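Notebook open, model loaded. I'll jot down what I look up as I go.

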Amino acid sequence: MRHFKPATKNPFHHPGFFQPARKFEPRFVGVLCQLLIVFLIFNSFSCAVNPVTQKRELMLLSRADELALGQQTDTEVTSTYGLYQDSALNQYASTIGKKLAAVSHQPDLEFHFQVLDSPVVNAFAVPGGYVYLTRGILAYLNDEAELAGVMGHEIGHVTARHSAQLYSKAQVAQIGLVVGAAVSKTFRKFAGLAEAGLSVLFLSFSREHERQADDLGVLYASKAGYEGSRMSNMFLTLQKLNPKSGNDGLPTWLSTHPDPPDRIAAIKKAAADWQAANPGAKLAVNRDNYLQHLDGLIFGEDPRQGYVKDNVFYHPQMTFQFPVPANWKVNNTASQVQMISATEDAAIILTFAQGQTPDQAAQDFVTKNKLNVVGSDSRTINGFLTRRLQFTLQTEEANVAGLAHFIQKDDRVLMFLGYTDSAKFNSYAQIFSGTLGGFQLLTDQTRINVGPEKIKIIKASRTDTLANILKPYNYDDARQKQLAILNALELTDRVQAGTLLKIIAK
């Protein structure tokens, strides 16, 4: 949760939770038959020509719909995950992206390229031409051609309309979009962890989609003047890294991009075939130029934006802390802190509230969500003026009970909210009260004066193994192995004098 990114929407409100889902009500046919009829209708009358394949396909989203969805999703992505504040790096990535877009199958589409402030290793795109790279994936790439391949792959998902296809099929099948969150299917309807647009990020592409995006990534990178085969290096790195989702809830590349068999060989073959068809083409790698742009890049979690230590969440910039229930998963995004129970049937969320005072914020929350207030009082908790609210909510899908604290912190109001199924509220009531009531001012300077690790670019002073070059830095074994992966090397590999390398430093 970052002090400069207030939430723009009520995180407790989630389509499909507070609003009844659309349902067909066939009188004479079963649901499956009705869905089949709908599928046939849309397949016949809602088809569009795919820009890449030139084939007609089921498509419920028009170009205007895709642009609107992209704009909506972009707003939610940037407010939820936050943009990385490095204008030079963002401009560098955008420049490469626009070169690729210009040689794509939709050169007339206005593409947007942004770097997200997330340590998760991922790149993704949404309909309408919005492409995102996390600082996490940039850290693990090693040259400009590799970056071009990854970006070309994501542009390919857009030009081939893969997300739009999945969206259309999900709508026809009446299954909706899968809400991406670290919670079970049963509890997703409670969690409020993704808006309608954000859920596009969590659609898993098919292997067919991935193969096509790989081919397009090679094609676009090659046409833009890069060595297309370099994209395969990222998959080698991912195999070693086996990344997991970070604490901001963003999925990793592997969780949304299933790995087709023989992917690396297929990429290399596609690049070789293109070069054979285009003899004499000048193809760049630009390793040093890329690495120089990474110097100073924040690596891993940024503790200044909040971190957990010994079951306590600390926020150095906003100077507050609160206890985290044992074994609960924490997702710390730019707009809110989310905690999910170990059994994934309860949630606690801290975010900015609407309103100038705790009373105004509480009333706004009750009115917008049409809550049944069980109890409400105003009190001072650990020096903070707080409106305490207990509530229930009955919908067609669930009966929910919760406890909320609206806390005056400086000139803003924070909403600290715990909720679960009404039948389980009593079993979680003490946890909710302990966590919400434990919100207090952070004064411990050792918890405040923390900073992130950063990537530093060094030059090998001699020809030697990577392990020997790293020795003067006194890294432990785990960090040495991590640095080997970071540089796409083995510790036993010999590195030539003058080679640029990535290390990690404070």
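I started with α5 and helix α8 (residues 207-223): their axes come within 7 Å and cross at roughly 125°. Axes here are lines fitted to C-alpha atoms, for helices over the stretch in contact, and angles run from 0 to 180 degrees between N-to-C directions. Helices (H or I, at least four residues) and strands (E, at least two) are DSSP runs, numbered from the N terminus.

Why do I call α5 and α8 oblique? Angles under 35 degrees count as roughly parallel, over 145 as roughly antiparallel, 65 to 115 as roughly perpendicular and the rest as oblique, so this pair is oblique.

I noted for myself that this is a predicted model, where local features need pLDDT of at least 70, side-chain atom pairs count only at pLDDT 80 or more, and totals for chains, interfaces and linings use all residues. Residues are numbered from 1 along each chain as its sequence is written, and side-chain values use heavy atoms, with hydrogens and water left out.

Next I looked up who touches whom (contact means heavy atoms within 4.5 Å). On the α5 side I found Gly149, Gly152 and Gly156 among the residues, and on the α8 side Ala213, Gly217 and Tyr220 are among them. The tally for this contact is six nonpolar, eight polar and two charged. For that count, Ala, Val, Leu, Ile, Met, Phe, Trp, Tyr, Cys and Pro are nonpolar, Asp, Glu, Lys and Arg are charged, and the others, Gly among them, are polar.

Then I checked α5 (residues 144-159) against helix α3 (residues 87-102): the angle is about 60° and the axes are 10 Å apart. That makes α3 oblique to α5 as well. Contact residues include Ile96 and Leu100 of α3, and Leu147 and Met151 of α5. Here I get nine nonpolar, two polar and one charged.

I went on to the largest nonpolar core, which has 67 residues, with Leu100, Leu133, Ile137, Leu138 and Leu147 having the most contacts inside it. A core is a set of buried Ala, Val, Leu, Ile, Met, Phe, Trp, Tyr and Cys residues joined through side-chain atoms within 4.5 Å; buried means under 20% relative accessible area (1.4 Å probe, protein chains only). α5 gives this core the most, seven residues. I also looked up Leu138, which touches Leu133, Leu147 and Tyr290, among others. A second, separate core of 25 residues includes Phe384 and Phe439.

Last, the whole chain: I see 17 helices and 21 strands, and 53% of the 506 residues count as buried.

Conventions
Buried < 20%, exposed > 50% of the residue type's maximum accessible area, 1.4 Å probe, protein only. Lists of a residue's contacts leave out its neighbours within four places in sequence.
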